[in-house]
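Here are my notes on this model, point by point, for when you have it open on your screen.

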Amino acid sequence: MVIEIRNIYKTFANSYSDFTLNIPNIRFQTGLVTFLMGHNGSGKSVFLKIISGEYQNDKNNLEIFIGEKQVKKIGLGRILRQKASENIALELTVKENFIIHYKTKKFIEKLFPSTYLNNSLSKMLSSNKFFIQKANQPVKELSGGQQQSLAFFITATSKSKLFLLDEFLSATDLATTNDLLKESRKYAKENDASVVIVSHDIDIALENADKILFFSDGEYVREMDNKNENWNKKYLKSILRK
Amino acid sequence: MLDFTLLLILNEGLVFGLFALGVYLSFQWMKFPDLTPDGSFIIGPIVFVKFSMLGFPMFFSIFAGIFAGFILGSITAILNKILKIPSIISGLIVSSASFSIGWIILNKPNQYLESNSEFFNSSMLSNSYSLFFLLLVIVLIVIFLFQVFGKSIWGLRLRAIGENQFLSKDLLISEKLYFIVGLGLSNSIVALSGILFIQRSYSVDINMGIGQTITGLIAMILGLILSSKSLKIWVTVSLIILGAIIHKALILFTLELGLPAESFRLVSAFLIIILFFFMKKVDDNFLKGLRWS
């Protein structure tokens, strides 16, 4: 299935500089991991923030299609921001961070979530043994890598069709990065979703991406998939230098 | 029988303990440096007295006073979240306006309590005992409500978006609504403490709120130092109440040492400087994440 986004347009202007992101059309294949690459200021993060609803598109004709079906909902994608602290509440416990994301309409479950949602929460926490052990520990007491993993798994509970990682892996160590990339692929397959990763790391992209989309000066300029004969570091570097 | 001085300290401490819980809700849970309590501490009792004088039933008048505090807190949130006025300035605007609003409502700057505004109509000693037991019951109820609300999905979300501004978008909830209700609740508690305060002072005065937020902060910081890293909400809020009692006892002690009565604000100012020093040792991040804008 294909997720298609049309008419993305956003301008930032001030007395020092101006920037315009203009993407008439872009497509993501579900079940795959796609990397977004480009130099700093090319518009990758702005693009993610528009499709996650964090920024408003300047033109009101933004259209999102999942397959043939047009989606009206703004903020279709769920974004993971670079710092763990921007995705989770550090002063709450691990379990409480899962609770705030839990969707329930029952008043009693909202009032006493720890008691009435215990089974559902245990299931959510079971995604990672570590979370079960640390369930009642404040998140601020976890290490940076553990906080990143927690942020990933919590955001993954949304089951969003577009899962967006905005330079999220740049702050993790190698072992955590590899784990989260494995989990990203698993998420894409299990949820028939598209995982979109913004990264500057060519090696990681070559090893893990099904496809790379290139941004330059606010425009989406080209794409390349991992079956391409030029799928190598030298060629990618030459594109990114342009 | 409790010593009368001790009774006075306990009553004053419990009243300002409630005040401090309002400050705790805004400063610690919502990370909002709210100065509205200076205003809601006077508007709550003034509205209560006015409604009582107009002949409304006592319970209705109390509710009206508490609701007036809620409105003030909500206005501060609206100024900040909708009109984008910085948080400190929003609170200052509302607390400053409260001075005039209180005067307009009362039609004069102060008012002695009439019998229909007094909870208890007996001798001062007997009143103090009755007030003590009433305060104890109210404080226990408020601690219980803090515990339940703080662990409910709404309370957890309020605490989460207070700390992390991005989370309201992730959770698809309205930050504006949460802050309007959150600051409304914190100032409702402060308004209630004002209504209880005038049961001890037997009068309401438009000046009685000036600088009281500092008093609440002292009790809050004392409570946080005492509770250290406790995760239990009921423990922390109980210790904030204890902090308020300790603060009032210290003030009385310094007066007993011979310092003039007008120096108690100065004593409080020195105390808060010392407490900040200790607090930094307990929690290095204390008040770091406050939202100033």
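Predicted model: local features only at pLDDT ≥ 70, side-chain atom pairs only at ≥ 80, totals over all residues.

1. For chain A, with 242 residues, the rule puts a compact globule near 18 Å; the chain has 19 Å, so the two agree.

2. What is chain A built from? There are 10 helices and 10 strands in it. Of its 242 residues, 38% count as buried. Looking at contacts in chain A with a separation of 6 or more, 73% come from residues 24 or more positions apart.

3. Now the domains. The assignment for chain A gives domain 1 as 1-77 + 160-242 and domain 2 as 88-158. Their C-alpha centres lie 27 Å apart. Where they meet, domain 1 of chain A puts in 8 residues and domain 2 of chain A puts in 7. By class, the domain 1 side of that contact has 3 nonpolar, 3 polar and 2 charged residues.

4. Take A:Phe214 as an example; its bridge partner in S10(A) is A:Arg222. The hairpin has 2 residues between the strands, and A:Asp217 in the turn has a positive phi of about 45°.

5. On to the interface. Here 17 residues of chain A are in contact with 16 residues of chain B. On the chain A side, helix H2 (94-101), helix H3 (107-111) and helix H4 (113-116) each supply at least two residues. The largest share comes from H2(A), with 4 residues. Sorted by class, the side of chain A that touches chain B has 8 nonpolar, 3 polar and 6 charged residues.

6. As a general point, nonpolar side chains tend to be buried together in soluble globular proteins. In this model the largest nonpolar core has 132 residues, and B:Ala20, B:Met220 and B:Ile240 are those with the most contacts inside it. Helix H1 (residues 4-29) of chain B gives the most to this core, 14 residues. Domain 1 and domain 2 of chain A both give residues to this core as well, so it lies between them.

7. Is B:Ala20 buried or exposed? It has 32 C-beta neighbours inside 10 Å, and 20 or more is the cut-off, so B:Ala20 counts as buried. This residue is found in helix H1 of chain B. Leaving out residues up to four places away in sequence, B:Ala20 touches B:Gly216, B:Ala219, B:Met220, B:Ile240, B:Gly243 and B:Ala244. B:Ser193 is 173 residues from B:Ala20 in sequence, yet their C-alpha atoms are 9.3 Å apart.

8. Last, B:Ile240. With residues up to four places away in sequence again not counted, B:Ile240 touches B:Gly17, B:Ala20, B:Leu21, B:Tyr24, B:Ala219, B:Met220 and B:Gly223. Two of the core residues named above, B:Ala20 and B:Met220, are among the residues that B:Ile240 touches.

Note on methods:
Residues numbered from 1 in each chain as written. Chains lettered and ligands numbered in written order. Core = buried A, V, L, I, M, F, W, Y, C linked by C-beta atoms within 7 Å. Buried ≥ 20, exposed ≤ 12 C-beta atoms within 10 Å, placed from the backbone. Domains from an automatic or database assignment. Pairing = 2+ DSSP bridges. Nonpolar A, V, L, I, M, F, W, Y, C, P; charged D, E, K, R; others polar. Rg over C-alpha atoms; globule rule 2.2 N^0.38 Å.
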